[in-house]
Amino acid sequence: MEDLKNIKILAEKEINSARNSEEIKQIFQKYLGKNGEVTRVLRSLKNLDENKKRSIGKLANQIKQELEQKIEIRKKEIGAEIGKNKTNKKIDVSFPGHKLPTGHLHPITKVKREVEDIFERLGFSVVEGPEVESEWYNFDALNIPANHPARDMWDTFWLRQNESKVQNSKSKANTKSQRLLLRTHTSPVQIRYMEKNNPPLRIIAPGRAFRYEATDASHEINFYHVEGLMVDKEISAANLKAIMEKFFEMFFKKSVKIRIRPSFFPFTEPSFEIDIRCLVCGGKGCSVCSQGGWLEIAGAGMVHPQVFKSAGLNPKEWQGFAFGMGLDRLTMMKYKIKDIRLLFKGDLRFLEQF
Ligand code: FA5
């Protein structure tokens with residue numbers, strides 16, 4: 001009798017602390033299953049005398065019924081708890097959701113869009129050209145024939161092609177070389193645009209440029225250029241200076257000192273280099289401006305007559321200026337970034353600051 005009572009106490013304890021239907025099933029087996037503890041007591045009744053059979057049998061059957069009822073009740077409770085959890089998940093609209101990581105624009109993209117916006121306000125259209133360019137558009141049409149020493153300034157990556165089938169600029173006079181390379185500037189867009197559009201015109205051509213050169217704080221092998229071109233009947237270097245000054249003022253939102261130096265580009269005559277007072281060090285000298293206090297930001301000049309001819313325009317009829325600016329360097333000046341290479345590393349600790 002005592003054993004039966006202990007079995008009952010233990011079984012009830014276990015039923016109450018069962019957390020799922022699997023545990024309930026195991027408890028049922030343990031006490032009321034084929035070899036369960038209560039079942040074994042009931043099966044052993046036949047070996048007992050009449051008196052004990054009656055009293056123990058009565059108690060064992062009573063315990064069996066009570067445990068069955070308790071198991072049923074607990075089963076329902078567990079079902080209700082699971083249901084309740086499920087319902088909660090469905091209707092708790094205030095439960096905080098998973099935050100999706102969101103990115104933002106790269107500083108160069110931001111600067112590119114800002115530059116486009118400013119030039120559009122100054123009456124320029126934004127046009128694009130291919131990053132993989134032909135030798136003709138990148139060099140020859142810009143008055144840089146094969147073997148011209150100026151090609152050394154724009155050493156680049158050439159694409160492997162079947163050489164025997166591709167015309168190159170050394171092969172025949174008057175043929176447009178189709179050899180492919182990664183463009184070294186966006187200046188070829190000048191030619192592409194003038195071939196299809198008659199002046200007067202004002203365009204900028206932003207995009208990626210590539211060069212085979214050693215990297216340092218202000219040089220990368222892969223960087224961004226924005227080419228500018230303005231062609232009309234009477235355009236002079238004064239227009240170039242005015243546009244550049246206005247642009248820097250609008251871009252930096254303050255007046256910025258610029259310096260125009262004589263230079264050489266085969267596609268402009270005369271040619272200039274445009275520097276701005278280094279905004280990283282305020283002109284004192286730092287690694288970005290090579291300690292000089294000025295940073296070269298653009299090459300520029302008056303469009304060379306040969307370039308007009310390459311594009312099918314009469315140089316006696318039209319005049320124009322062109323410039324090619326480094327977008328990365330503008331970004332560095334704007335955000336006071338000390339090394340151009342940071343812009344291409346993809347390091348989130350750096351990028352998340354913008
Ligand atoms: C040119 O590429 C000429 N096409 C620019 C031009 C256009 C001149 C039209 C006249 C008329 P240059 O190689 O100097 O020029 O490059 C122009 C600008 O690009 C530089 O002033 C500088 O801001 C940027 N730049 C040049 N090389 C790199 C480099 N390796 N990494 C980052 N920026 C560069």
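**Salt bridges in the predicted model**

Which residue is the partner of E66? The side chain of K8 forms a salt bridge with E66, and their closest N and O atoms are 3.1 Å apart. K8 belongs to helix α1, residues 2-17, whereas E66 belongs to helix α4, residues 50-91, so this pair ties together parts that are 58 residues apart in sequence. K8 is likewise partly exposed, at 24% relative accessibility.

I turn now to a pair in loops. K233 and E317 meet through their side chains in a salt bridge, at 3.4 Å from N to O. Here, too, distant parts of the chain are linked: K233 sits in the loop between β5 (222-232) and α8 (237-252), and E317 in the loop between α9 (305-310) and β9 (319-326), 84 residues apart. K233 is partly exposed at 43% relative accessibility, and E317 is partly exposed at 37%.

E245 and K241 form a salt bridge of 3.4 Å, N to O. Both residues are in helix α8, four residues apart, which is about one turn of the helix. E245 has a relative accessible area of 35%, while K241 stands at 38%; partly exposed is the class for E245 and for K241.

Conventions. Residues are numbered from 1 along each chain as its sequence is written. This is a predicted model: local features need pLDDT of at least 70, side-chain atom pairs count only at pLDDT 80 or more; totals for chains, interfaces and linings use all residues. Side-chain values use heavy atoms; hydrogens and water are left out. A salt bridge is a side-chain nitrogen of Lys or Arg within 4 Å of a carboxyl oxygen of Asp or Glu. Helices (H or I, at least four residues) and strands (E, at least two) are DSSP runs, numbered from the N terminus. Buried means under 20% relative accessible area, exposed over 50%, partly exposed in between (1.4 Å probe, protein chains only).
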